[in-house]
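Morning, everyone. Please have the sequence and the coordinates open while I go through this one.

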Amino acid sequence: GKTSTIAKLAGRAVLSHGREQVGLITMDQYRIGGQEQLATFATLLDVPLQSVSDGPELYAALRDFRNRRHIFVDTAGMGQRDPRLLKQIEVLRDSPIPVTVLGVLSASVGVHSLGRQGLSGAIITKLDEAAGVGGTLDTLIRAQLPVAYTSSGQRVPDDLQPARAGELIALAADWLRQRRRADAAPSSRAGMT
């Protein structure tokens, strides 16, 4: 979901501002195939991609792209308590070039605790796969993280929308109503002993 979300954001930026205004950077040195997936998106969008492994390389890549309006940095997907994740966020936050750091959370996976951890906000992905979004919204509210975008589906860049509070609340309420109806429905095993 995270790398696809970067591609969706980059695709929207290409459509709005042109490919010469977009650059991609990957810090994903851990996940097998992570760099290749973003490289495929970079080729399809016809935008440059740089792979970096540490802070100085990241800062050099950001300087290389300084004339571009949108630079998207893909990090390795890690658990929220993984110290490497905190290190990646720290490297981004320490950048001499201002960086907005957004966490990408899958609505289809329960999220139990999330601190601000240097994040400016969040993107909720996989709404199309989720059985509910209340837990994710609760986590984000408790962490006081604004939601920038939501994503549902694989189409780049179409399946990415700016987050709208009213729509997320309506979606959570609809899922809750469906759950209550399902719980109240008579079981096919009713009357059996």
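I start with V73, which touches I6, I25, M27, L58, L62 and L92, leaving out residues up to four places away in sequence. Contact here means heavy atoms within 4.5 Å. Before going on: this is a predicted model, where local features need pLDDT of at least 70 and side-chain atom pairs count only at pLDDT 80 or more, while totals for chains, interfaces and linings use all residues. Residues are numbered from 1 along each chain as its sequence is written, and side-chain values use heavy atoms, with hydrogens and water left out.

V73 belongs to the largest nonpolar core, which has 26 residues; I25, M27, L58 and V73 touch the most other members. A nonpolar core is a set of buried Ala, Val, Leu, Ile, Met, Phe, Trp, Tyr and Cys residues joined through side-chain atoms within 4.5 Å. Buried means under 20% relative accessible area, exposed over 50%, and partly exposed in between, with a 1.4 Å probe and protein chains only. At least two residues of this core come from each of α3 (55-64), α4, β5 (121-125), α5 (134-142) and α6. Those labels are DSSP runs numbered from the N terminus: helices are H or I with at least four residues, strands are E with at least two. Another core, of 14 residues, lies apart from the largest one, and L24, L38, A42 and L45 are among its members.

Next, the sheet. Which strands form it, and in what order? Three strands make an open sheet, in the order β2-β1-β3, with parallel pairing. The edges are β2 and β3 (70-74), each with a single partner strand, so one side of each has no neighbour in the sheet. On average, neighbouring strands of this sheet are turned by 20° against each other, direction ignored. Axes are lines fitted to C-alpha atoms, for helices over the stretch in contact, and angles run from 0 to 180 degrees between N-to-C directions. Two strands count as paired if DSSP finds at least two bridges between them; β1 and β3 pair in the parallel sense over 5 bridges. The bridge partner of T26 in β3 is D74. Helix α1 packs on this sheet, touching β1 and β3, and its direction makes about 170° with that of β3.

Two further pairings involve β6. Strand β5 runs parallel to β6 (residues 147-151), joined by 3 bridges, and the partner of I123 in β6 is Y149. Between β6 and β7 (residues 160-162) the pairing is antiparallel, over 3 bridges, with L160 in β7 as the bridge partner of S151.

Back to α1. The buried residues of α1 are T3, S4, T5, I6, A7, K8, L9, A10, G11, A13 and V14. S4 counts as buried because its relative accessibility is 8%. S4 touches Q37, F41 and Q154, again not counting residues up to four places away in sequence. After α1 comes G18, whose phi is positive, near 95°.

Last, the salt bridges. The rule is a side-chain nitrogen of Lys or Arg within 4 Å of a carboxyl oxygen of Asp or Glu. How many salt bridges does this rule give? The count comes to 3.

One is R19 with D46, at 3.1 Å, N to O. R19 lies in the loop between α1 and β1 (22-26), and D46 in the loop between α2 (34-45) and β2 (49-51), so the pair ties together parts that are 27 residues apart in sequence. R19 is partly exposed at 40% relative accessibility, and D46 is partly exposed at 45%.

Another is K87 with E90, at 3.6 Å, N to O. Both lie in helix α4 (residues 83-93), 3 residues apart, about one turn of the helix. K87 is partly exposed, with 48% relative accessible area, and E90 is partly exposed, with 41%.

The remaining pair is R177 with D174, at 4.0 Å, N to O. R177 and D174 are 3 residues apart in helix α6 (residues 165-184), so about one helical turn separates them. R177 is partly exposed at 44%, and D174 is partly exposed at 29%.
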